[in-house]
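Subject: Structure handover

Hello,

The structure we discussed is below. My notes follow it.

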Amino acid sequence: MRTKQMLLAFLTLFLCSSLMFAGTVSGNVTYTGTPDRQKPIDMGKEPSCAKQHAKPVTFESVVTGPKNALENVVVYVSSGAPDEGQVPAQAVTFEQKGCQYLPHVMVMHTNQELKITNEDQATHNIHPLAKVNREWNKSQAPGAAPIVEKFAREEFISVKCNVHPWMHGYFAVLKTSHYDVSKGAGDFKLPNLPPGKYTITAWHEEYGTQTADVTITGNETKNVNFTFKATAN
Amino acid sequence: MPEQPIRKQDPVVNKSFALPYVVSMLILMATLFWALWDEDYGQRPWKAFQQEWKQRYGAFLKTAESKSAESEKNVEQGAEYQQIDQAYQQAYQAAKPHRDELQKQILDLNGKILAVQNVFVDKRAYVNALTYQIETETGASGKESKRKKLEDYKKETWPVEYPDGHREKYDFSQLVEKYNALKDERTKLSAELGEVLKPVTEASTKVSAYINQQMVDLTPVQIDGLKRKTTEWEPKIVQINVADANIVDRCESCHMGVREPLMLTAAAMAHQGKKPDEYARAFTSHPEPGLLKTHDPEKFGCSPCHQGNGRATTSVEKAHGTYEHWLWPLFPKENTEAGCQTCHAADMLLVSNDVGSTISAGKDLYRQRGCLGCHRYEGYDKEPEELNSVSQEIKQLEGEKIQNIKQAAYLMKQADAAETNEEAVRLNDRAVALKVANSKANARIAQLERQTKSLLQDVKKVGPNLKDVRLKLNKNWIPVWLKKPTDFRPTTRMPNFRLNDGQIKAISAYLWQSALTDPQPQHKPGDAAHGKELFETRGCLACHSIGEGDEMQGGTFAANLTRVGEKANYDYLVRWVHNARERTRPYCPYEKKDIGPEDYAKKGLPFVFDLQHSKCPNDGHELQVQNMTVMPSLRLSIEDAQDVATFLIAQKKQEPGAYADASFMDDPGLKDQGKRWIRHFGCSGCHEIAGMEEEGRIGTELTFEGSKPIERLDFALFTEAAQRGGKNAEPITNPEDLARLPDGPAQGPWYDHKGFFEHKLSEPNVYDQGKIKSEEEKLRMPNLHLTKEQVRDLTTFMMGSQESALPADYQYRPLDYRRDIQEGWWVVRKYNCMGCHQFIPGQQTVLMEMKRYQDAQELLPPKLLTEGARVDPEWLLRFLTNPALNDKDTNRNGVRNYLQVHMPTFSFSENELGKLVRFFQALSRQPFPYIPEQVPMLTAKETEMARSLFSSTAAPCLTCHATGDAQHDKTAVAPNLLLVRGRLKPDWVERWIIDPQAISPGTSMPSDLFRRENNRWVFAGPTPPSFQGYDKDHTKLLVDYMFQLTPEEQRRVIAAKGRPQASTQPSRSIKQGASSSDPHHRAASAGGSQ
């Protein structure tokens, strides 16, 4: 009992001190080559959704920004993360709105609660095509209570709605909360990394994964960039 | 006789024997002690095992118990438990005052009863004694005086002192009354107490039942029982004795954990922190407890499955039978499934959880790789053997018929001349019975003849028909292929025969010269791009593969087509793709020849032969009208077939013209020699070859190969090396063949069945090494170029191929629905149905693994996990006969028209259709024949309700299900609901709409469309206003509606769709959904806004 307490005290001390010397990994994700043009979505099948979109919407398997920026890339600490197994208490929320998934790539920690809401006037079904986690497929009527689920194992799970075939996204289930999803400018940021050796992985649904090794020694910001080669689908 | 003088040197007198005596005594003593020790321990090594077991299992149970207590605690912390427990506490508290009161009253009563009883018993005894005296008294006066005495006695009074101190006096009758009254009262109070305690006991039973139900492992109480059993264990032989089957298995004397109710792993039974030792490995529980449930050890013992010497107890080697004097050593771990084969020879597919894949693969390989082309194996010649027995039966029936006619005539004659009318009538009746018997025989013969036709259709060959080589092949390619087929197509089923050039020349010459030369229709080239698309999406890849190495995609059931363009003739390829079963000429098994147009012309008949025209023009016998291939028709139009063939003919690595000239094939001098070699190598076991249709098999029968004594397996020059083991034990030197050995090159001795089979299968001519033999004497078995796994699978199959010593009823040959399952698997494996369909949960199909379907499982062929419960068997019969469900428009799927993969037409015979339909029914334990359930007629209001729900935006049904509307059906991914009636079973449909994921895991149809409310199923989304006040199951309503759906009604639904229908009121309990705390009011505005 005694030793346990001591250990805990040391651990807290260590964590605090390391937090004081927290480093950051940040950078940009870009692509080379010419990505496939994203096809427009015909929501004619679901008028209640179609009218929510003033501008025509396209598929989102490859979303790009200015200067070859690549969006929707999950950048995370795949090895060396100090928080493996620490499940955040707060749930993440995945919205179905205008017959689109918000966000397109939903990142969560293993066993973290995932809350799925249906903001539409249509019935959706959420069908994560999990391979190592358990696959399920649930219907959610308009106004129905949120579906709450969680996934126990690390996996990138393709998610779709069978009723509206254009609705397609991903659940990224990670063993860490040190992650970011690249935004409009392709930028990402992984703050609060204590000194140590890390492997940073960048995952894109079409272009695969890339990794980089980074060592954080103190209170510093390391720059890591990822470049994906656009491949024809 | 005078006594001889004692010699001076007499050793008896002069020498002391003390030392030898002492030494012998010591030796004798030592021997005695050794004998005692050996008797008790040396001969009983299991005692040491049992000591270890007590210690280790005891320790294990200790930790298990604390873990179990912990999980029990966890269960107790659950809300549900708390609720049940609280109910118990409440019941207890509620009953307590009344209970205490009653118990006190009963206690008081007991004291009173005791007080009365003390006096009463004594007096009653006296009264009884007097009564007896009166009864036995013979004199009348004596009787009278005694009666008087009794009456007086009964009038006496005696004091009774109650526990509270007060006394009362009673005469005898008062005593009786008092005693009975007190006892009656106690009975009444006890009953009342029972009544009061009833809710308490009920609640407490609920509590313990809940714990038992929730605990995954055993409860602490149960574990405590095991612990007691273990500590109290006295070492003794544990044996299973089944006298009828002559099984005596003492395996559990050491393997004590086999049947324990807890899962024991080697790691758990090892000493803490140490690697599992011999004991730990011995103490594990059986890895598949499910198998023990179906194979009760009390009936089956251990050795019938595992082999070994069940009786032996003196050493591990003896018990496992791994010594030279025991014929059936324990099956090695990797070949354990050989044991299944000894009783399950009739099963084509044996799977129970993780067990069965090896033996099932072995059985399948034996069939698919053509082993049975040369080696007979009981049960693998189903079709030809049945054909034989059918023709036997027909012959026998014909004979009986003639006898019956004769006998009837005789009887009638006798009847006419009979002495009495009664006799005449009796004889006439017998004659009539014989006529009826003949009519029955005729009916049977008609059936058998249809069966003959079926069976002729069912007989298939592993390899292609070589009578067509001139029509279909690039001539110059043939000798190259024969040289070493794997050089051209590494994954081919055709084995390497190690032919020399002379043999190749002769064989190809015979094939070429004996082949058919009929003209075939010419085809114009098609569209290769369209052909590629069809090839990749139609379903060809479920059996065929394309691409080599890492590029390869598709199945291994049929040929890899990467280089088909080098060998094939385009026109033939078109015909083949269009309908592979189309024969050039029909074959008459009676005349043993191919029938040509000339034979038909002789009878003035057109040259037309197919399944409907299958009688020989010469002699009326049933013809073989199809190519004996399992390749089905994909119902492609001739143009589509041209496109596919155009794509395929372009698949090549070199030009067909680049093959060296092989004009020697026309040399008539080579023909006879070729025929001889073809016969020598048994080619006609797998191929149809002109003039060699009725050749016998060239190999030895393998049905009982596994029980051949080892001396009869010919290790040739390697007998000694195999026995000795050591450095040079491995005879195979060819690196390709070495790589096939499942455990790598032999390190130790391999002189056993496993070693023999593995070497034979890896390099079939290995036992020729070093021998001097002529070409004719050399081993003929070709190299099947198997993988390690395949060698293991086949070795396991061979090891299990034994003549069982068990009674016949141990053989798994059921006669009920399980027989239908056995026969069904035979057909399912034969046509590779599992390449497209999932039959067993978790089974991967070839298509499932393709990239194309990773995110689009809805475009895969349906899973058939509950097919028998799903469809009406009559419908299934129609569907299997014609999967297009349409006579004219055949280029479609009858049910899932949205799938690019097409269910092909297999042209199943009546025989196989019946087997398949019965198979699916049996798998789902459905009755046969099926009597469809009557669906209640809906009222007009109910119909309106169902229609409004179907057409509401809240119900997504018609977004995915096809409706017959061409525009809509372009995006449909589920069948038209008009197909429900006549195809599906109502109870299944209801289960399906409630939880489709439980029936077809991963299906596009979502779960949670309905929820349970007030003991009925209601739609989970907003329902139309007409549903208000409807208190029946919504699921039942929708199912009944679907079963009454007509095309007109469907049009009404489509017309109504899109109009505002849904109620503005979401169903009540949506708001209080399971895990939600944040209110969703959006639905309030849902319906009307459309």
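What covers the buried residues of H36(B)? The cover includes four helices of chain B: H18 (421-458), H33 (817-830), H34 (867-870) and H35 (873-881). Helices here are DSSP runs of H or I with at least four residues, strands are runs of E with at least two, and both are numbered from the N terminus.

Before the rest, some ground rules. This is a predicted model, in which local features need pLDDT of at least 70, side-chain atom pairs count only at pLDDT 80 or more, and totals for chains, interfaces and linings use all residues. Residues are numbered from 1 along each chain as its sequence is written, while chains are lettered from A and ligands numbered from 1 in the order in which they are written.

Helix H36 of chain B

H36(B) runs over residues 910-923. Its 14 residues should span 20 Å at 1.5 Å a residue, and the end C-alpha atoms are 20 Å apart, so the two agree. The expected span is 1.5 Å times one less than the number of residues. 11 of the 14 residues are buried, so the rest of the structure largely encloses the helix. Buried means 20 or more other C-beta atoms within 10 Å of the residue's own; exposed means 12 or fewer, partly exposed lies in between, and C-beta atoms are placed from the backbone. Among the buried ones are Glu912(B), Lys915(B), Arg918(B), Phe919(B) and Phe920(B). Arg925(B) follows the helix, with a positive phi near 50°.

Chain B as a whole

Chain B has 43 helices and 11 strands. Its radius of gyration is 42 Å, whereas a compact globule of 1090 residues would have one near 31 Å. That radius is taken over C-alpha atoms, and the globule rule is 2.2 Å times the number of residues to the power 0.38. The C-alpha trace spans about 140 × 135 × 100 Å along its principal axes. Buried residues make up 33% of the chain.

Where A meets B

The contact takes 26 residues from chain A and 34 from chain B. Two residues are in contact if their C-beta atoms, placed from the backbone, lie within 7 Å. On chain A, strands E9 (124-128), E10 (138-140) and E12 (155-160) each supply at least two residues of the side that touches chain B.

Domains of chain A

The assignment gives domain 1 (20-75 + 180-233) and domain 2 (85-175). Such bounds come from an automatic or database domain assignment. The domain centres, taken over C-alpha atoms, are 19 Å apart.

Best wishes
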